[in-house]
Amino acid sequence: MDKQTPSLPALASHHVDPHAYPNGVAYLDGQYVPVSQAKISVLDYGFLHSDATYDTVHVWNGRFFRLDLHIERFFGGLERLRMSIPYDRDAVAKILHDCVALSGHRSAYVEMLCTRGASPTFSRDPRDAVNRFMAFSIPFGSVANAEQLERGLHVAISHRIRIPPASVDPAIKNYHWLDLVRGLYDAYDKDAETALLLDFDGNVAEGPGFNVFAVRDGRLTTPATGVLAGITRRTVFDLCAELGIEANAGTVTVTALREADEVFITSTAGGIMPVTRIDGRPVAAGRVGPVTNRLKDLYWQKHEEPAWSSPVSYG
């Protein structure tokens, strides 16, 4: 009996996505669409090579916080990566505002990004790719949940080495997160909630999406090199100048972090967030400290000030 040739599977006319997504609005290719419909090609070098840059800003109580600084950093990343988009800074700001207004979110996580895009011929020359700008607004999310913000995060120090600045410029916000993700799993294995990675000299660098500060004798220190100069990190320096608190960027050793009076992390996704345990041991008395609380309270107060924030026009 002749063997039957197996039939080919049917070719679908379109993709049916079975996954769930947060409620939100995205912008791509000149269109505003629900986040669930915002797609990227499997041939995009942003996906295949992590060849992309982005920036994230948040909206709180209907106001963007320090949007101008985030847009400026985003355009700096575009320039360093030799990417271009058909929008200037004002146009990008308008797109972000529209994403938030169309989503209706009063508190939102808002991202602008540009991938290298795809080459029409799948050329390996990045100059042949058509760069692709996208943006989206989804509900606000934090590195730390409500309980962790109240009692402080439990952090583990991973001995993973953060990608050195000689390899990837940390001034370019990027999606090179494999070292950070592996550090997270190191932390989870130690029953911690998030991780800090080291630099090539064995000193503290940064964590997955956040910078870190150590407080000792009322003075603040944060790692100076090999880290993204976060906007919330910069905001802490601005707040300290207003409050008369000494703050410096320098070397933070593992020992110095463990022996600090207070430790906190900073991110657009959560603001100023306390750390009360490191590698299973309490930071000082194991409670959120007064300097952290003072800065955190002022940080959220600034969200209502016109010099620091701008309202979303919901129409």
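**Note on aromatic pairs and pockets**

1. Y27, Y32, F74, F75, Y87 and F133 are linked into a cluster by ring pairs. A pair needs ring centres within 6.5 Å, for Phe, Tyr and Trp (its six-membered ring); planes under 30 degrees apart are stacked, over 60 edge-to-face, the rest tilted.

2. The model is predicted: local features need pLDDT of at least 70 and side-chain atom pairs pLDDT 80 or more, while totals for chains, interfaces and linings use all residues. Residues are numbered from 1 along each chain as its sequence is written, and side-chain values use heavy atoms, without hydrogens and water.

3. The structure holds 17 aromatic pairs. F74 and F75 have ring centres 5.8 Å apart and planes at 85°, so they sit edge-to-face. Y299 and W300 are also edge-to-face, at 5.0 Å and 80°.

4. Both F74 and F75 are buried (under 20% relative accessible area; exposed is over 50%, partly exposed in between; 1.4 Å probe, protein chains only). Y299 is buried at 1%. W300, at 24%, is partly exposed.

5. The second largest pocket has a volume of about 340 Å³. A pocket here is an open set of points on a 1 Å grid over the protein atoms alone, where a 1.4 Å probe fits, with protein on both sides within 12 Å along at least five of seven lines; lining residues have an atom within 4 Å of a point. The volume is the space filled by probe spheres set on the points, which are joined across faces, edges and corners.

6. This second largest pocket has 15 lining residues, with A26, V35, A38, K39 and F136 nearest its centre.
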